[in-house]
Amino acid sequence: MTDHPNIAVFQRAMAAFAVGDMETLAEVFHPDVVWHNAGHGPLAGDFRGREATFALFQREFQMSGGTYRPRLHDVLANDEHTVALLHATASREGKELDMDYAIVFHIRDGRIIEAWGLWSDQRAYDEFWS
């Protein structure tokens with residue numbers, strides 16, 4: 001059995017994200033992507049468009065002093081959804097983030113068009129960034 005092609009799209013995005021390869025990220029993210037970040041902290045909201053989504057990613061790195069590190073557990077995909085199961089660590093202002101999360105993607109024609117970040121402890125996640 002071969003992997004669904006959307007897994008390769010996600011893996012390409014993850015690899016580019018890990019090294020800050022904005023050119024590859026721009027190829028993988030649709031210009032009109034919508035990224036939904038749940039919660040009530042400073043990183044919560046709906047980010048519409050590639051520029052706003054990439055600004056969110058940049059803000060994560062700035063606020064964590066470059067310590068934000070996602071680690072992939074698994075990725076599952078079909079024609080409708082791609083789900084990445086991850087674990088993130090980061091440090092900021094004497095606080096530590098060490099938490100599981102999932103991102104649910106809609107991928108069409110090899111590009112991410114929408115995503116929802118879902119954290120295992122939303123209150124602790126919001127507190128970390130606040």
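I looked up F17 first: it is buried, at a relative accessible area of 15% (buried is under 20%, exposed over 50%, partly exposed in between; 1.4 Å probe, protein chains only). The model is predicted, so I note that local features need pLDDT of at least 70 and side-chain atom pairs 80 or more, while totals for chains, interfaces and linings use all residues. Residues are numbered from 1 along each chain as its sequence is written, and side-chain values use heavy atoms, without hydrogens and water.

Aromatic pairs. I find 15 in the structure (Phe, Tyr or six-membered Trp ring centres within 6.5 Å; planes under 30 degrees apart are stacked, over 60 edge-to-face, the rest tilted). F17 and F61 are a tilted pair, because their planes stand at 50 degrees, with centres 5.4 Å apart. F17 sits in helix α1 (residues 5-19) and F61 in helix α3 (residues 50-63), 44 residues apart (helices, H or I, of at least four residues and strands, E, of at least two are DSSP runs, numbered from the N terminus). F61 is partly exposed at 24%.

I then checked F29 and F54, an edge-to-face pair at 5.5 Å and 80 degrees. F29 belongs to strand β1 (residues 29-37) and F54 to α3, so the pair ties together parts 25 residues apart in sequence. Both residues, F29 and F54, are buried.

Sheet. I read an open sheet of six strands, order β2-β1-β6-β5-β4-β3, with mixed pairing (two strands pair if DSSP finds at least two bridges between them). The edge strands, β2 (45-48) and β3 (69-77), each pair on one side only. β1 runs parallel to β6 (residues 111-119) over five bridges. Opposite F29 I find I112 in β6.
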